[in-house]
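Student: I am new to this structure and would like to learn how to read its features. Could we take them in turn?

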Amino acid sequence: LALKTLIGSHSLPFSLWDVAQKSLYLRNNQLVAGYLQGPNSALEEKIYCVTNRFFEPGKFPIILGIQEGRRSLACGTGDLPVLQLEDVNITELSRGGAETTRFTFFRSYKDGMWRFESAANPGWLLCTSAQSNEPLGLTLHPDAAHIVDFYFQLF
């Protein structure tokens, strides 16, 4: 099945890791990207997602969460938007309207990799740092210090 047909109103677990093979894990209430090996691989956070039906389906709008979708990734809307986790269930957000914009990402796919653009901050992409054990964030200008290409597969 194609990924876009799998994601609907039911949240499904996915593995998300950057092209440098860093996985996501929770540290001090932040999602961090690092190399998890051996027993530490159990720390990897599964990413849950649902389609946001408020947006144009052709942009592949999704809401991302962790902990079975009970905590959502949200983007601040300041001059330098900040990525944060909020205790909001992604399935409830999927029914929402304009107020769900800061929880929404537009997915794009190219050459086997995914990018996630903030709906609230056009042009800003989900990113990891080129360094290990740094928080997941947002960048307007992909460069050597910010990785914006991810692998995303059903767990």
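Student: Is Cys 75 buried or exposed?

Tutor: Buried means under 20% relative accessible area, exposed over 50%, and partly exposed in between, with a 1.4 Å probe and protein chains only. Cys 75 has 0% relative accessibility, so Cys 75 counts as buried. This is a predicted model, in which local features need pLDDT of at least 70 and side-chain atom pairs count only at pLDDT 80 or more, while totals for chains, interfaces and linings use all residues. Residues are numbered from 1 along each chain as its sequence is written, and side-chain values use heavy atoms, with hydrogens and water left out.

Student: How many helices and strands does the chain have?

Tutor: Helices (H or I, at least four residues) and strands (E, at least two) are DSSP runs, numbered from the N terminus. The chain has two helices and 14 strands. Its radius of gyration, taken over C-alpha atoms, is 14 Å, close to the 15 Å that the globule rule (2.2 Å times the number of residues to the power 0.38) gives for 155 residues, so the chain is as compact as a globular protein of that length. Of the 155 residues, 46% are buried.

Student: Where is Phe 116, and which residues does Phe 116 touch?

Tutor: Contact means heavy atoms within 4.5 Å. Phe 116 sits in strand β9, residues 113–118, and is buried, with a relative accessible area of 0%. Not counting residues up to four places away in sequence, Phe 116 touches several residues, among them Leu 16, Ile 62, Phe 105, Trp 124 and Phe 152. Phe 116 and Phe 152 are 36 residues apart in sequence, and their C-alpha atoms are 11 Å apart.

Student: Where is Gly 78 found?

Tutor: Gly 78 is in the loop between β6 (71–75) and β7 (83–86). With a relative accessible area of 46%, Gly 78 is partly exposed. Gly 78 is 43 residues from Asn 121 in sequence, and 8.9 Å from Asn 121 in space, C-alpha to C-alpha.
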